[in-house]
Amino acid sequence: MDAMIITNAQYYNDPDGNQAGVIATIDGTEMYVPLDTANRHYAAIIEWASQEGNTIADAD
Amino acid sequence: MPKDKLTDYSATNASNTDVGGVNIDEGMLPSGVNNAIREVLTHLKNFASGTDGIDVLSLADDDASAAMKIQAPASVTADTTLTLPDGDGDDGQALVTDGSGTLSWASLHSAKNLIINGAMQVAQRGTSSTSTGYQTVDRFRVDKNNVAQLVFTQSQSTTAPDGFSNSLKIEVTTAETTLDAADYLVFTQRIEAQNLQHLNYGASSAKSLTLSFWVRSSLTGKYSVNIYSEDGNRVNTLSFNISTADTWEYISIQIDGDTAGTINNDNGAGLNLNFVLAAGSTFSGTITSGWQAYTNAKYAHSDQVNFIAQTGTFYITGIQLTVGDVDLPFIHESYAENLAKCQRYYQKDFRLVAWNVSTNASTSASLGNFPVVMRSAPSAVRTGSGALTSTAPSSTVMYAESGYIYSGTSNACSSNLTLDAEL
């Protein structure tokens with residue numbers, strides 16, 4: 001099956017400073033991805049981040 | 001009038017003066033008695049065997065004061081035989097026909113299609129794409145693996161059999177010259193697990209399914225279709241045959257219930273219905289019928305067609321998966337019903353609007369509910385800034401299954417959201 005192509009991922013926070021999700025570029029499109037393992041994009045991001053050289057950047 | 005069958009007999013005693021041409025009027029010859037009785041027995045036999053019919057079957061109540069009557073319509077086009085099923089069915093079941101007069105017991109609650117958008121009417125993302133994944137008709141994704149030269153288009157087509165307006169079309173525009181071991185082309189619908197709990201998978205009472213669809217292909221031959229249980233990692237691989245090129249054909253396949261593999265009661269994928277258009281040797285083999293533990297070689301039949309070896313078109317619509325062994329006609333839904341089901345997994349053009357909420361002109365906030373509660377918290381793509389603000393919202397939006405909460409640093413904003421909670 002075709003894997004999603006993830007080229008960038010960074011956490012973003014809610015107004016209280018808690019992690020709210022990940023802004024990621026997936027298949028060339030910027031997406032706001034929730035921290036929900038049932039979400040297929042988040043699952044793909046977690047798998048992507050588990051590979052050497054890939055990191056989800058901290059929130060600004 | 002000769003009395004040649006039961007319906008010729010008269011309710012008026014005096015009018016029955018012959019039977020089968022034998023005179024039984026006053027003064028009849030004694031030798032006519034045995035002949036008359038023989039004629040009557042012939043009439044009874046013809047009635048019993050169905051050679052001669054009757055107008056009405058009357059079933060009287062105990063004191064013969066009233067009756068239940070069964071009768072044919074006033075005009076019957078052709079002889080029709082309705083064959084009853086064995087037994088008395090289960091609670092809530094009704095008689096349904098297979099279209100050829102064979103009746104069977106079917107549960108009315110089973111008349112639900114487990115497939116969403118089986119008539120291919122909803123295509124929120126677009127109507128044509130050369131990419132894989134979820135691109136055109138909702139809930140169906142197309143995937144390829146390993147292929148080198150293959151170029152194809154998936155689209156929502158208006159080519160459809162009678163009773164349908166759309167189909168999913170897969171067109172190979174550049175063929176794959178060699179089918180390597182790891183090659184495949186497949187399209188899939190993943191069915192949410194919590195919608196399948198009534199199948200009782202993993203128990204001896206696991207329910208059977210009937211899969212039906214209309215299909216048309218430029219390439220005749222054997223195609224594989226498998227149903228894969230994610231939680232149990234089990235598969236049941238079946239096949240169907242397209243006998244005539246470029247002609248709509250109706251396919252109906254029975255699928256046994258899986259008594260060994262369970263389906264979790266959650267919002268993950270429960271069953272994946274995979275139509276295989278091509279599969280190399282890694283993903284095909286000699287298939288044993290029924291459910292079994294998944295291996296790649298059980299994904300498709302090794303003697304199936306290789307649809308990607310040449311340019312061609314494949315259409316499919318009316319995909320229906322129902323509980324039970326009865327091949328039910330396709331259950332058509334309104335577009336609105338169909339769209340709402342699809343929106344549990346994907347929504348587009350959801351408008352996020354936020355207004356200034358304090359004397360501080362640099363803050364805005366809003367919250368809203370999605371039209372349909374989504375399967376999970378969705379991924380969101382934001383586009384456009386709309387008429388309310390000069391900048392698209394760049395601040396925090398938190399998404400849940402049912403809606404969003406927005407907190408921004410502009411005085412007001414609006415944005416279109418595309419929401420994805422697909423399996």
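This is a predicted model: local features need pLDDT of at least 70, side-chain atom pairs count only at pLDDT 80 or more; totals for chains, interfaces and linings use all residues.
**Entry: the interface**

I began with where the two chains meet. I counted 26 residues of chain B in contact with 18 residues of chain A. Putting the chains together buries about 1700 Å², and carbon and sulfur atoms give 46% of that area. On the chain B side, I find that B:Ser379, B:Val381 and B:Thr396 lose the most area to chain A; together they make up 23% of what that side buries.

Next I asked how many salt bridges the rule finds across the interface of chain B and chain A. There is 1. I traced a salt bridge between A:Arg40 and B:Asp420, with the closest N and O atoms 2.6 Å apart.

**Entry: helix α1 of chain A**

A:Arg40 took me to helix α1 of chain A, residues 40-50. Which residues of this helix are buried? I listed A:Arg40, A:His41, A:Tyr42, A:Ala44, A:Ile45 and A:Trp48. At the N-terminal end of α1(A), I found A:Asn39 as the cap: a side-chain oxygen of A:Asn39 lies 2.8 Å from the backbone nitrogen of A:His41.

**Entry: a sheet in chain B**

I then followed β9 and β12 of chain B into their sheet. It is an open sheet of 7 strands, in the order β8-β9-β12-β17-β14-β15-β18, with antiparallel pairing. I noted β8 (133-134) and β18 (292-293) at the edges; each has a single partner strand, so one side of each is left without a neighbour in the sheet. Between β8(B) and β9(B), which run antiparallel, I counted 2 bridges. B:Tyr134 stands opposite B:Arg141 in β9(B).

**Entry: B:Lys3**

Last, I looked up B:Lys3, in the segment before β1 (18-19) of chain B. Is this lysine, B:Lys3, buried or exposed? B:Lys3 is buried: its relative accessible area is 6%, and the cut-off for buried is under 20%. Leaving out residues up to four places away in sequence, I find that B:Lys3 touches several residues, among them B:Asp8, B:Tyr9, B:Asp18 and B:His43. I also checked B:Lys3 against B:Val353: they are 350 residues apart in sequence and 86 Å apart in space, C-alpha to C-alpha.

Note on methods: Residues are numbered from 1 along each chain as its sequence is written. Chains are lettered from A and ligands numbered from 1 in the order in which they are written. Side-chain values use heavy atoms; hydrogens and water are left out. Contact means heavy atoms within 4.5 Å. Buried area is the accessible area (1.4 Å probe) that two parts lose on being put together, summed over both. A salt bridge is a side-chain nitrogen of Lys or Arg within 4 Å of a carboxyl oxygen of Asp or Glu. Buried means under 20% relative accessible area, exposed over 50%, partly exposed in between (1.4 Å probe, protein chains only). Helices (H or I, at least four residues) and strands (E, at least two) are DSSP runs, numbered from the N terminus. A polar contact is a pair of N or O atoms within 3.5 Å; within protein, one must be able to donate a hydrogen and the other to accept it, and residues adjacent in sequence count only if both atoms are side-chain atoms. Two strands pair if DSSP finds at least two bridges between them.
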